[in-house]
Structure formats: structure tokens, C-alpha cells
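Colleague: Could you take me through one part of this model up close, the open sheet and what packs on it, and then follow the chain out to its partner?

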There are 2 protein chains.
Amino acid sequence: MKILIAQLNPTIGAFEANMAKILAALDLAREQGADLVLFPELATTGYPPEDLLLLPDFLNAAAKCLDEVIANSANLTIIIGTIRLSIGGDKPLHNTAAVIENGKLLGFQDKTLLPTYDVFDERRYFAPGEKSQLWNLCGKKVGITICEDIWEPQDRQVGFDEHYHPVSQLALLGPQLLVNLSASPYSYEKKELRLHTLVRTAQRLKCTSILCNQIGGNDSLIFDGHSLVVDSSGHLRAQGNSFEEDAFLIDTEHLPPPKRFITGGAGELFDALVLGLRDYMGKSGFKTALIGLSGGIDSAVVACIAVCAVGAKNVIGITMPSRYSSESSVEDSLSLARNLQIECLTIPIEPPFQCLEQLLAPYFKGKAPDVTEENLQARTRGQILMAMSNKHGHLVLSTGNKSEMAMGYATLYGDMCGGLAVINDVSKLQVYELARWINRDQEVIPKSTLLKPPSAELAEGQKDSDSLPDYAILDAVLVAYIEKRVPPKIIAEKFEIPLSLVEDLVHRIHRNEYKRRQAPPGLRVTEKAFSIGRRFPIVQNFH
Amino acid sequence: MKILIAQLNPTIGAFEANMAKILAALDLAREQGADLVLFPELATTGYPPEDLLLLPDFLNAAAKCLDEVIANSANLTIIIGTIRLSIGGDKPLHNTAAVIENGKLLGFQDKTLLPTYDVFDERRYFAPGEKSQLWNLCGKKVGITICEDIWEPQDRQVGFDEHYHPVSQLALLGPQLLVNLSASPYSYEKKELRLHTLVRTAQRLKCTSILCNQIGGNDSLIFDGHSLVVDSSGHLRAQGNSFEEDAFLIDTEHLPPPKRFITGGAGELFDALVLGLRDYMGKSGFKTALIGLSGGIDSAVVACIAVCAVGAKNVIGITMPSRYSSESSVEDSLSLARNLQIECLTIPIEPPFQCLEQLLAPYFKGKAPDVTEENLQARTRGQILMAMSNKHGHLVLSTGNKSEMAMGYATLYGDMCGGLAVINDVSKLQVYELARWINRDQEVIPKSTLLKPPSAELAEGQKDSDSLPDYAILDAVLVAYIEKRVPPKIIAEKFEIPLSLVEDLVHRIHRNEYKRRQAPPGLRVTEKAFSIGRRFPIVQNFH
């Protein structure tokens, strides 16, 4: 059987544009002599549509798309992810795979396992499918699953009842081919885990297994594509492109030879962030990006990502020195801009900063300078960035990293201004890794940016290390506490650091919830980002 | 049977403080000769704990609380909401009622219906209870339910299977008393609906039914308390205080005579907002509130709420005139401050505004003044408010209303600055209602504030009506589209307005998602607020 795996990049709710991509893939399938065409989960609507699923008009539009796919299915079998009304379910919809053959809708295979953890809220909208069946398609007995249906993630392991697991059900039926339609978001650990999951499924079902994944950025989420074909022994036989659209044909009777699985490192993380930024801008109509360049490593890395995402001529830097800026911070910004061939403006913030200081002096009498004056500087820079954005239509990119966001080491309405927080799920140490990767062949980011100790330069002689522990310790604690949910006491023991330090860091993480709640959305590249997948009360007294 | 209904105000994760309240209620129960004591849903942890439920330490702390309640239950029967580990469920926890009798834990009645709509994500954490039973307590057969267990909300009506409904199960068993532990948040429609729900339950089960509700503000959510006792015919026989802690005794054999149910109007809405603000400040340790007074009705109403919440001496106003401010806007702000007896500073924004204009002039050459200059003013005001907050520790209250937030008629990092958006779930017309209610006995808010046409005063002669339709139309469309999810076409027909107008408004609602995502949390007083209960993609092309 010849199968075209159509790894598409839909835009949420852009039904016409999504249909154009789907129809183009069907034409390609016919050209290439495919029997079966696979599309990702919710290919008609884009994933995740969130509360758009509650709008009656949205459901009608999705239903019309399905009709159009059916009308264009001559001489093809198609399995495509979409939504359908649930009859008798405890929610109004199913997340489903429509099975179509040569102009006819054969039926639906509904998603059974609906994730309700991290960024996933599928039980908010969907009723679970009730049972798995085999479909006789192109002469083979095919099992169909959707994304989570083949997973056994951590949150389910507690007492998960195997009888309801679609793979367990299918194992009793003996499929000859397993298909999985996915919208499985990227994280730097996920790619390998996804392959393992498919391999385990293939081995259990003893049949060729194919995962067709969405690609593209949608708000915080980056879908890496990277669709997979695994044989009945669990060997990887084909894979779709990472971070770009793809449509590739395989013949189940003549699979390509086994191939090695390549994991990514810093280059992969970079590609993910480029895709996330490019799609955020492209899908929302922004052409140009504006970045405040501080001479530091965070803004330098963001500028490099932006140049790859939208091109050097569409990226503008501004360096905004104050009395506390070192000479090197302007120089490094200008060197970076030269290396990247981007425009860079220099707008010193002293005049408005001094003006505000004078204006507020009567109200600050008898009070020593403190974080207030630091924030005044950061917010003046925010004013300038936003004014340039308003006047010229640039998207402001905020440049805070995950370590800073965790600690609240950022000024709300200051350096936190922006439409997208490009690296707010990237720890400080990973930012350095990205920078070294960027500089692997030539010096793009000035060496002095990489070498100087990190500083916000908002007060005389200030360094990050004045208020934060060493980033090696901080980042290790953050991964353990935020991503792995390890209790503070165990973290202290594991890393042999004082419990009081860990408790202080944990306290600061939670006390700064209020800042992060007002942060721009950030691109998610770990299994637990500061985004819609992490939900803590602002006001609470536990930590 | 004598029952003490302990309508407590817990703080999320404040286990010690919550336990102190619980133990005090147990002492009171013994003093008053109660047989049974009822507490709200998740009384030990506070509701909603959100992702704190994923932390192992948090679960241990909750378990210790339960042990302490058991140890202090001599001569009492207690039904208290808490969490417990799930054995064999598809999530690690149950939301449960612990049933305790004279030093012994009799068992648990788990919540069966776990809401996953609007602000509720209970399937993210909890496995559903499997069946309802009767408990022999103090000589009566008692049915125990938790919040949603007695509801049949809209989202469940689609094909909801009656066999799984706890009330249906209990109906077969014939309880003599029905108990419901709730953490049911306030909205101005909810209070009456909650009574109807309990009345329907009582009539169906033909027994006295008691709902014990949490009170207090937790982030966006306001719990109104207002616990209810309904007899077997469905007559209201007692109710707890609204918006304050309460612990009241009823005797099931001698219920008080039937009483009328009183619904609230503007005064009730005002009380809700006062509680939400007071608890947000009190639970997070803020003592003083800072408000930018524009002379308009929104900031005036917020100032009145703040004075009721934390007292006049803890509220500071700042009026920040510019070249576009009318004389009356400063005058009205000062009159309001006098009437409220709050301090009011006047800090004109002209110096920093002009300074920024000059600084940016070279980059704005050939471009006409536009929203950029308006935003510069609003953000300069934001700078001043935040600097005063940083220096003096005030909480800045943002004053945008729901109609503005829907339209994006607000400046991000400008008037949207603040720790809490007090009235961002109150429509413009309701703001006027609140103002009239505030002025019912004497002029607190200056008459001219009520009479002048709304204006942001960010450009010469500007009025809201220049860029927005009449608020009567706007607010009606917003309720229909946002709260009721009516399709645009039907809204246009219903209100006899052009479809193009409705579509434009709907488009503006969705295009401004990016602003609201960075807004401070707001107090929720409707069934669909701009908060965690409304989840739309920022980038989408449907509307």
C-alpha cells in the first residue's frame, strides 16, 4: 500500500487556507499514485483551537471542510483529523479521525485518551471515543489512533486501566497497519520519547506504524512535524522533515532501509525557536521585528533567531544606553548588528529617565534609591520600544530567559514589554549553548558578550550574581522544581546545597507568579514552560 | 439533628491559618451543642489550588490537616472537603468529603462530577468518584455531594447520562438529609441559579438539603458564601451571610420558617468586588492601594470600592493631567478624593511626555500623530503609578471596564498597569449602575463625572464614541457574544443592527486577545470573564 504522509502547517481557524493545503496534498497523492493519505490531528481546524470549539459557527465551518475533503477524495482513501458532534457523550464534541474512501465517508474513529495536563485541556471540549475497531482500507486491516491514544504519559500511569487503552484494544484485534494522527508539540525531550512510544506500539501490535504530526507554531506551541514510520520490529524506516511542511510517500511493501534517529542539541532548539517566531509573526501578519539590544547574551541570541525567522532586513535593533551602561554594551550591540547586517538605532534613555527622576523627587524624599529607579530605566526603554512598534508596526520581541522569568529578575512593563517572549522557556545556560552554536563557524555574537558576567546594568557595578546564585545551581534547581516537581528537601540533598537556598528560590518562583501572568506569551520548548501549561495561583501561602 | 454550617474563608495553601479557622469552628460547634459540622469543598487547601495539587509536599500537608481534624473531632460528626490519593483512578487524586465521627475517619465520599469548563479544570487533577452511598450519621441516612455533583449545567446537558448523576443515584437510595460541600464562585446570575439547583435537588430527594459554600476572594474568583438550607418541599429556610465568613446552627427538626430569597442588584455586585479586592490585598500582604484618577467614572468607582475594601486612609489617588485633560478631570478627581477622604496627588505628565516626544521625533519624521502619542501619555502615567508603587509598596489598581477590555480600548503597559483589574468584568453600563448606587444617598462621585461623555482624553476633543458604538449596543453585543456565545448573524437579527457592525466588534474582540493576555488578573463577576475561564488563541484567523 502506498501512503502519502501529509505533514501540514495549518493556521487555527483559517479554514480556507487550511483546505487549500489539504487539497494540494490530495492532488500530490494522486500524482504520486498513493492509495492512502494521512493528515495530522485536527488538520481542518489547526491545533489547538481552544475555546473557538465552543462557537457554533466554528463547528459549521469545520463540518463544511470535511464535506469538501469528501468531495475531493476520488480514487483515494483518506484519514484526516477533524471534529464532529458527539451523540450521547458528556461533552458536545469528539476529536476524531474521519475515514474517507473514494467519495464516501466510511465513518469516524474518535480519540479515546484525551489529555488534561500541562497545556492540554481536551476534556474541556471533547467526549472520549468508546472503542477501537479495525478498518478495512486498501486491502489491509488498519487501526487508527489519535495522538495521546498511543501514549502512556506519567500523569496516566497512576492506576491507568489497560482495558480502555486503545493500543490494548487493538492488540486483541490484530491490525496489519497502525496509523496515528498527531498534533504533538515539540520539547527538546519529546522527539525521542515520541519515537519510543511509536516503537513500543509497533512492537506490541506487530505491524508497521505511522505517526503523522502537525508542524508549525501556534501561539506558545511549536509543532516539529517529524512524522515517523516504524516497521513491525520497531525499526525506524522513514521520517518527515523537522520544523517544516512535508508530504512524503512510503510503500508499506517496500519500506526504505532502517535509518538512524538523529537527536538535535542546540541546533534543533534554535530551529524550533525560529519556527515558533516565524509562524507567530507570519500567522498574525507582522513583517518586522524590533529588539532592544543590551549588549548581553539574551538579546543577542534573540536577534539571531529573528534574523533566521524573518530575514535581516526585517529586524531592527535599538540600543538604549543609560548612565549605568558599560561602553561595551553599546559597542557589542553595534558589532552584533553589523555581523547580522541588521539596522541598529541608538536612543539614549537619559533625558526621559532624568525627567522622571526630577518629577518624582518630591514624592521620594528621604527614600534611598532602590529597585524603583532601576525599573524607571527599564520602563523608559519599554516606552521607546513600544512607541517605535506603534508608529512603525514592528513586533517587539522580549528577550528574558527562563531563569530570569523564574526569579522575577525582569521589569514588568519594562524589559518584559513585547508581543512574544522568544526565549522565556530557555534557561540561561541553554542561552549560552545557543550562542556557542550560533558562533560555531564564525563570530556572529561578539566574544565579549559571551565572556562578560551577566548584568542588567540598571545600577552602578550591578551583576546578576549580586541577587541570583550561580546559574549552574539556579538552572539545576529550576529544572528539578519546575519541570520535575521534586520537593525542595530532595533537591537540596541531591545537589548538596542548603535547604534554605532551595526554599528561597522556590519562594521567589512563586512570589513572581504575578509578573509572569502579565508576561507576553513565550515559545514552549520544555515539558513545563511558563505558559498556559503551568497554572499556579498568584495569591497562595504554601511556598 | 443540630448542624453547624461553617462557611469559612480559607487562603490557598495556608494550611496553618486554614486549620486555625477549622478548629475554631469545631470549638464553636461543641459550645453550641451541634451534632454535625459541615465545611466547604477543599476547606483544608482552599479552592482552587490549581497546580499546587501536583506538588507532593502539598498533598502531605493536606493529609496532615485531615489527621488534625480527626484528632479534634471528639463528640462531633464532621463532613469536610479535602483531597485524597486515588487508588486506581485515572488521575492521582480525588476531590473528596472526609466523613469523621468522634475521633474516627468513617470514610470518604468522592466528587463524581468534575467540572471542565470556564474556570474549572478539575479533570486535570482529579479522578471521578464512582458511586454515591448513604452515610448513617447521628441517626439519619445522609447523602453527601460536592459542588458540581448536584448541578446540571449547560455544558453537561448534551447527552448527559443520568445513571452517573449522583443525585439520580441518591434518589434510588432515599436519603433523609442531603449535604453539599461547595466552592461555588460568585457571578451576578449564579446566586439564584444555585438556590434553584438546591431546591430541585431537595424536591427530587424529598429531604432537607444543605449547601455549605466557601467565601472569600482567591485571585480572580470571588466566593460569596451564602450557604443554603432548603426543606424537603424546596422552601428556603436559612442562609449564610453573603460575602463574609459565617457559622450558623440549624436544627433539622425545627427549621426556621420559610424566608424570602433576596437578589442583589448593584449593591450586591459592589459587595462582591469589595470582597475580591480586600482578599486579594489581605491575602497577598498589600496594605495600601494606588489609583490613577482620570476624572472619569471607571477610576471613580474603583476608588469607592477600594475605600470600602481597605479604608480611606489606605487609598491614594493620583491625578496626572496632560495638555489634553479637561479642567473638569482634575477638579472631579479632587472632589472625589475629598468626598472619599483619600489622599490625592497631582503629578502632571507633560514634562516626561514632551521629553519622549522630542527624543522620538527624529524617528517619527513624516508620520502623522496617531495612537503612538496617545499610548506615550498612558504609559507615562503607568510609569508614575508603578514608580510610586515600587517606592512605597502600594498595590496599583487598574481601572478598565469589561467593555473597554473587550475592544482593546486601553493601553498595554499604560492604563492597563496594575496588580488587580478591579472592574474588568463589569460592563460600562454596569459601571454607571454601580456609580448611581454609590451615590444613592449622597454625592460621592461628582455629578459631572456621571454626566460627561466618556473620554480617554489622549487627543484633542477625543470621545469614546469616536471609536466605539454606543455602549448600550456594545454591551448588548458583548453579553450575547462573549457570555452566551450567540453567532454574529443571530446577534445582528436579534438587536436589529447591521451584521457588518457585529462582525467588526467580534473581530476587535479577538484581535485584542494579545492585550488581555498581558492584563492584570481581574475580579470575575459574570459567567464568562476575561480571565483563566476564557481561552482563545492569540493567533487565529477565524474571527
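Modeller: Helices here are DSSP runs of H or I with at least four residues, strands are runs of E with at least two, and both are numbered from the N terminus. The angles run from 0 to 180 degrees between N-to-C directions, with axes fitted to C-alpha atoms, for helices over the stretch in contact; contact means C-beta atoms, placed from the backbone, within 7 Å. Bear in mind that this is a predicted model: local features need pLDDT of at least 70, side-chain atom pairs count only at pLDDT 80 or more, and totals for chains, interfaces and linings use all residues. Residues are numbered from 1 along each chain as its sequence is written, while chains are lettered from A and ligands numbered from 1 in the order in which they are written.

Helix 2 (residues 56-71) of chain B packs on the sheet too, touching strands 3, 4 and 5, and its direction makes about 160° with that of strand 3.

Now the sheet itself: in chain B, six strands form an open, mixed sheet in the order 5-4-3-2-1-14, where pairing takes at least two DSSP bridges. Strand 5 (104-110) and strand 14 (246-251) of chain B each have a single partner strand, so one side of each is left without a neighbour in the sheet. From one strand to the next, the twist averages 30°. Zooming in, strand 3 (residues 77-85) and strand 4 (residues 93-101) of chain B run antiparallel, joined by nine bridges. One bridge there pairs Ile79(B) with Val99(B) of strand 4.

On to the partner: 77 residues of chain B are in contact with 75 of chain A. Helix 2 turns up again, among the elements of chain B that each supply at least two residues to that side, but helix 10 of chain B gives the most, with 13 residues. 97% of the interface residues of chain B are also interface residues in chain A, so the copies meet through the same surface.

Methods:
Contact = placed C-beta atoms within 7 Å.
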